[in-house]
Amino acid sequence: MVVQTKFERGRGGLRSNTQTPQSLNGYFAETEHVMKGLKMKVKLIAHTPDPEKTVACAAKLCYAAADIDTVMDGLTDEKVASFLQMLADMGHDSPIEHASFTFGIEGVSRSFLAEMTRHRIASYSVQSQRYVRENNFTYILPPEIEAIPEAKEEYIKAMEEDMEHYVKLAALLKEKHFKAFTAEGDDEKTAARKAEKKAIEDARFVLPNACATKMICSFNARSLRNFFSLRCCNRAQWEIRAVATEMLRLVREVAPNLFAKSGPPCFCGACDQNTMTCGKAKEVREFFLNLK
Ligand SMILES: Cc1cc2nc3c(=O)[nH]c(=O)nc-3n(C[C@H](O)[C@H](O)[C@H](O)COP(=O)(O)OP(=O)(O)OC[C@H]3O[C@@H](n4cnc5c(N)ncnc54)[C@H](O)[C@@H]3O)c2cc1C
């Protein structure tokens, strides 16, 4: 069983937390803590080529007497930025759906998976616990638990017990299924393969939410903006907030205009959390302004 220990980010892997501006302590302290506590990896694997130009082209087609063969002509960087600004000013969001972004995410918990996949306007491929045996499973150690030695000890004990139950259940079930498959006429190799799959299908019910998982997900830019506004907020749970913040940093590298104003609602407007507000709008604004 492996405990996650580091935070890896971006296309190139590990980056130093020292890149964080010192002035952001109030907001960032928590995020930094998350980064130290996990081996969470977020990569931008692919995206629409020229995402901003593609969106600008869609906008131009709506508003100018352009045709398909010439619509891309004359779309300089300045014109692209101006079309994006026009869409934002008008609240005309559907053209930004033409740009999409694919991320690889690993070193995150099954709890994270449950929250992430609530975002329906996206596509997901997740490593299966039906097909991949969780022997020696990797789990996420929440930083707040890691910070208290007794809590950490209790947590690790729980993980080890879960693992023992999983392995025992898988063995018991496999034995039963193997007998049944051979009795039905399968040769030993086939029976063992089928029994293994059928066994782990049920044994996985004892696996914890802490179990690490990995996924590929794709969002269009409109859905991503909605995702960032909900999940970059301090009110979001720490794990999804750390991933969302990193996803935002990555897409800003390739589409700075499209995502210049993305982040929690208080980044470019007022906090919408009423009495649940974190009360740190100033620090949050500074953080997302400097997110690089
Ligand atoms: C701080 C926080 C706390 C939360 N707590 C809970 C909780 O306690 N329990 C819980 O169940 N969930 C909770 N959620 C999840 C939340 O309810 C949403 O399911 C999740 O954030 C996905 O948001 P979304 O629907 O906007 O995203 P998407 O599913 O990607 O949808 C994007 C947008 O498309 C539109 N849309 C999508 N589907 C429909 C539809 N069927 N009908 C109409 N419009 C649609 C909506 O405008 C929506 O905003 C929480 C989320 C946050 C950020």
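**Notes on the predicted model**

1. Let's start with a loop residue. N274 is exposed, since there are 6 other C-beta atoms within 10 Å, and 12 or fewer is the cut-off for that label. You'll find N274 in the loop between α10 (265-268) and α11 (281-289). Its backbone is worth a look too: phi of N274 is near 45°, a positive value in a residue other than glycine. Most residues other than glycine have a negative phi. Keep in mind throughout that this is a predicted model.

2. D50 is another case of positive phi in a residue other than glycine, with a value near 50°. This one sits in the loop between β3 (41-47) and α2. Is D50 buried, exposed or partly exposed? D50 counts as partly exposed because it has 16 C-beta neighbours inside 10 Å.

3. Now the chain as a whole. The secondary structure comes to 11 helices and seven strands. Of the 292 residues in the chain, buried ones make up 32%. If you take the contacts between residues at least 6 apart in sequence, 77% of them join residues at least 24 apart.

4. The crossing is left-handed. On the α2 side the contact is made by E52, K53, V55, A56, A59 and K60, and α3 brings K79, V80, F83, L84, M86 and L87. Sorted by class, that contact has eight nonpolar and four charged residues, with no polar ones.

5. Another pair to look at is α6 (residues 149-183) with α7 (residues 188-203). Here the angle is about 140° and the axes are 7 Å apart, so α6 and α7 are oblique to each other. The crossing of α6 past α7 is right-handed. Residues making the contact include Y166, L169, L173, F178 and F181 from α6, and A191, A195, K198 and I200 from α7. By class, the contact of α6 with α7 has 12 nonpolar, two polar and six charged residues.

6. Last, the ligand. Which residues are around the ligand? They are R118, H119, R120, I121, S223, N226, L230, R231, R235 and A236. In terms of class, this shell has four charged, three polar and three nonpolar residues.

Definitions and conventions:
Residues numbered from 1 in each chain as written. Predicted model: local features only at pLDDT ≥ 70, side-chain atom pairs only at ≥ 80, totals over all residues. Near = placed C-beta within 6 Å. Nonpolar A, V, L, I, M, F, W, Y, C, P; charged D, E, K, R; others polar. Axes fitted to C-alpha atoms, helices over the stretch in contact; angles between N-to-C directions. Helix = DSSP H or I, 4+ residues; strand = E, 2+ residues; numbered from the N terminus. Parallel < 35°, antiparallel > 145°, perpendicular 65-115°, else oblique. Left-handed = near helix turned anticlockwise from the far one by under 90°. Contact = placed C-beta atoms within 7 Å. Buried ≥ 20, exposed ≤ 12 C-beta atoms within 10 Å, placed from the backbone.
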